Structures are given as structure tokens and as C-alpha cells.
Amino acid sequence: MQRGAKKYRAGIVGCGRIGSEFDTDPKRKTVSTHAGAYSASDAIELVAVSDLNEEKLVKCGRRWGITSLYQDYKKMLAEQNLDIISICTWNSTHLDIVKEALNNGVKAVFCEKPIADALKNADEMVKRCDEKGVILQIDHQRRFDRVHQSVRDYIQGGKLGNIQQATFYYTAGIANTGSHMLDLLRFFFGDADWVQALYSQVQAPNPDDPNIEGMVKFRNGVFCSLKPCDVSAYNIFEMDCLGTKGRLKITRSGYDLEYYEARESDLFSGYKELFQSKPPLNKDAPREFMTSAVSHLVECLKEGGQSVSSGQDGRAALELICACHESARADGKRITLPLKDSKIRIISR
Ligand SMILES: NC(=O)c1ccc[n+]([C@@H]2O[C@H](COP(=O)([O-])OP(=O)(O)OC[C@H]3O[C@@H](n4cnc5c(N)ncnc54)[C@H](O)[C@@H]3O)[C@@H](O)[C@H]2O)c1
């Protein structure tokens, strides 16, 4: 940013964990919140924050040095002439906040996942932002990470060979962490053809957002199994992808990779086996999901164009969540995509 250049004015609705609080965790080594990422940006000034909960609001203001604090986000939007709004509240509130933000002239919306509580509400968010030329970026944050981008390029470039199988292990509900999983699968494999799913016996922490076992068939022919685990036992967010040339695992919530190469077996003549090798991708590249997301948003504002994590992408992840529920409710019936609409209401907190 040139010295003296005007900064974008940003505000946040929701001063909870992803809005502000994750950055108080001493174990987190990188910026992990919207407030932290705006504060670290030299192109943006975080000018105001809003939360219904006064205690959270005051704590957030104190932590990031913000004095314009609002319990009513509508008042914040009316008074603060914001260029960017972050929506860090529960998904049932996202559409109303988007509508109000558009009425008050924001240029970019950075919205938490899942995009909305219902497909028709997601469609309305996308349509309204498109009509006003407002950028809508959804925080499926691995899309902004260089390592996940290089995994996508590696898979799509055929370097792993033909993909034979993918399995994804996740925890904490199909709409909560499952939203990241389903979005990432689309990022790697493209749009899905159909879904078959069952409610899992493995408990999720929020009874409104159950774990779901499933199978997604992608249009490129890949089948992926969705495998939930109990987050109270341990956290797991891992993909295991087997191509004809090797096997690539994304482990430790996306912070690590394992790679196995198919080579001549030393046990059986005429066969190859998988041998663990150095990952062909630089997994040690700087890993800054949130600050990368905000830098990308600034690029979109300056240069025009859609985010790599657009409203349509957010809608597609929500569509997969709804399809998983529709299938599980019908005892594993195959649900063909796309879904124009769905009666499913998604509660994610
Ligand atoms: N991208 C990620 O990795 C990630 C991580 C955590 C949470 N999330 C998502 O972010 C959203 C929020 O989750 P959280 O864990 O931070 O929740 P949280 O409960 O910690 O924070 C949400 C905050 O929003 C406030 N709020 C709710 N309605 C409001 C309104 N109308 N006006 C002002 N404030 C309001 C609440 O008081 C609360 O403080 C959820 O959609 C969740 O799925 C995403």
C-alpha cells in the first residue's frame, strides 16, 4: 500500500471466537480471526465492531483498540460508512446482515461459513450481492492457503495419476467442520453428481448439527467417503487420496502432508507398492489462512473479479450439506445434484 493511500474501512458483526477470540489462544501461532487479520493489514482500518453481548463487545474493542462499539449492527452500518463488513455471527443471521450492509453501501462482505441456514437464503445473498456488484467472500479459509492450492494443482494436473479413492475424516458436525470438508472436496475435485449418506452413531457436540457418514460422487468420476469422528476424543480433519501414481494425505487439520510413491515392490514380483517419500509439495511455506483471505479480499476490491471462495462456492458447500441431510433422512437414498431448493434448515454455531 502506498504511503498516504486511503485505507478501506472495515467493521465486524460478531465478536465471538472467529470474530476476535481465537487470537487469545496462546497455542495459535498465526492470525486466526477477522479482527486480527484486519488489524494486520496495511490496506484496511478496522473502525468499528458490533455484538449483542456487551461483555464480548467491550473485550473485543479493548483487544484491538477500537472505540466505536455497537450492540446494534444496523446503527454501526448507518454511521460508519464501511467499505468491508465481516459477518461472524451464526448462520441464521447472515442474510439479514447482508441486506442491511448492501443498503448502506458496503463494497465487500466477508461472511463466515456455512453461508446461510437455507439454500434459498444463500441464493438471495448471492443474487443481491451480484446485483449491486458487491464482493461476497465466504471464509472456507483453506482456499486461501498456498499449500492447499498446490495440492489442488497437483491433483488436477494429474501428478498423482488417476484418482481411485478419497476418504475424508472430520469431526464436530456436517455443517460446522463438515462445511470446510465439503468445500475443500469441491476445490479439489469440482462439482458433485450425487450424495448418499446416513446419520452417524458418532456423537457431534451440537445435537442440531449431527455427524453424517456419506459418499459423494464427483462429476470427474471420483468417489469420496465422508468419515466423522468424535471431537471430544480428538480433533481430526484429514484427507487420504489414492491416485494411480501415489497417495497424498492432508493431515493435522491441513497443516501437514504425507506422501507415498508407487514403486516396484520388494516383497512380491510383478507388483508395485506404496512407499513413504518426501512430499512433492512445499508444506513448510508460510501458513496464514486468515491474513491471506483478507489480502485476497483487498485484491478483489482493487482489481475487480470474484473471490476464490465466492458466494456461489459457499452456496455449493451448503447444497452438499443439505443433500447429506436429505439422503440421511431418507435412509441413504441417492440425492442427485444440483438442488434448486431444499426444505432442510441448517443450524451451525
Ligand atoms: N471459518 C472458520 O474456521 C470458523 C471457525 C469458527 C466459527 N466459524 C463460523 O463463524 C460463525 C460464528 O461462530 P463462532 O464460533 O465465532 O460463534 P460465537 O458464538 O463465538 O460468536 C458469535 C457472536 O455473534 C454474536 N451475535 C449473534 N447475533 C448477532 C447480531 N444480530 N448482532 C451482533 N452480534 C451478534 C454473538 O453474541 C456472539 O458473540 C458460525 O457461522 C461458525 O460456523 C467459522
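View 1. The 48 positive and 46 negative charges have mean positions 1 Å apart. Lys and Arg count as positive, Asp and Glu as negative; His and the chain ends are not counted. Each charge is placed at NZ of Lys, CZ of Arg, CG of Asp or CD of Glu. The model is predicted: local features need pLDDT of at least 70, side-chain atom pairs count only at pLDDT 80 or more, and totals for chains, interfaces and linings use all residues. Residues are numbered from 1 along each chain as its sequence is written, and side-chain values use heavy atoms, without hydrogens and water.

**View 2. Overall dimensions and burial.** The C-alpha atoms fill a box of roughly 75 × 50 × 40 Å along the principal axes. Of the 349 residues, 55% are buried (under 20% relative accessible area, 1.4 Å probe, protein chains only).

**View 3. The nine-strand sheet.** The protein has nine helices and 15 strands (DSSP runs: helices H or I, at least four residues; strands E, at least two; numbered from the N terminus). Nine strands form an open sheet with mixed pairing, ordered β14-β13-β12-β11-β7-β10-β9-β8-β15. Its edges are β14 (272-277) and β15 (335-336), each pairing on one side only. Two strands pair if DSSP finds at least two bridges between them.

**View 4. The β12 and β13 pair.** Strand β12 (residues 246-251) runs antiparallel to strand β13 (residues 256-264), with six bridges between them. Isoleucine 250 stands opposite leucine 257 in β13.

Note on methods
Buried < 20%, exposed > 50% of the residue type's maximum accessible area, 1.4 Å probe, protein only.
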